[in-house]
Amino acid sequence: MIFHNTLDIADVVRELQAEGRPVDPLDLAQVSPYLTEHIKRFGEYSTHELGITPDVYDARLDVDFSVLGGDDKAAAA
């Protein structure tokens, strides 16, 4: 669930950027892919798609997270 939510968040960020809207890394830092409402955390999910190989995932977002501070090495990665 968390990875799927992360994919959805990344897609929305890319769509906003494609529309020319700025994405503030401080705003994005407040978004969490770990949602606990409206999901069944431990089950009753379909597993018929487990054998399907997903498309390649591009993890890079064109957002400057260095403004958030933290470790310089992590910001450069």
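Is Asp64 buried, exposed or partly exposed? Asp64 is partly exposed, since its relative accessible area is 47%; buried means under 20% relative accessible area, exposed over 50%, and partly exposed in between, with a 1.4 Å probe and protein chains only.

## Basis of the model

This is a predicted model, in which local features need pLDDT of at least 70, side-chain atom pairs count only at pLDDT 80 or more, and totals for chains, interfaces and linings use all residues. Residues are numbered from 1 along each chain as its sequence is written, and side-chain values use heavy atoms, with hydrogens and water left out.

## The chain as a whole

The chain has three helices and zero strands, and from the N terminus on its elements run α-α-α. Helices (H or I, at least four residues) and strands (E, at least two) are DSSP runs, numbered from the N terminus.

Of the 77 residues in the chain, 12% are buried. Contact means heavy atoms within 4.5 Å. Among contacts between residues at least 6 apart in sequence, 76% join residues at least 24 apart.

## Helix 1

Helix 1 covers residues 2–18, 17 residues in all. At 1.5 Å a residue it should span 24 Å, and its end C-alpha atoms are 24 Å apart, which agrees. The expected span is 1.5 Å times one less than the number of residues. Just after helix 1, Gly20 takes a positive phi of about 90°.

The buried residues of helix 1 are Asn5, Ala10 and Val13. They cover an arc of only 140° around the axis, so they sit on the same side of helix 1; the arc is that of the directions from the helix axis to the C-beta atoms. The face turned away from this buried side carries the exposed residues His4 and Ala18. Helix 2 (25–28) is included in what covers the buried residues.

Ala10 lies in helix 1 and is buried, with a relative accessible area of 4%. Leaving aside neighbours within four places in sequence, Ala10 is in contact with Tyr57 and Leu61. Ala10 and Leu61 are 51 residues apart along the chain, and their C-alpha atoms are separated by 7.1 Å.

Arg14 also has its place in helix 1, but counts as partly exposed at 26% relative accessibility. With neighbours within four places in sequence left aside, Arg14 is in contact with Asp58, Ala59, Arg60 and Leu61. From C-alpha to C-alpha, Arg14 and Arg60 are 10.0 Å apart in space, and they are 46 residues apart in sequence.

## The nonpolar core

The largest nonpolar core consists of six residues: Ala10, Val13, Val23, Leu28, Leu61 and Val63. A nonpolar core is a set of buried Ala, Val, Leu, Ile, Met, Phe, Trp, Tyr and Cys residues joined through side-chain atoms within 4.5 Å. Not counting residues up to four places away in sequence, Val23 touches Val13, Leu16, Gln17, Leu28 and Val63.

## The loop with Asp64

Asp64 is placed in the loop between helix 2 and helix 3 (72–76). Asp64 and Asp24 are 40 residues apart in sequence, and 8.5 Å apart in space, C-alpha to C-alpha.
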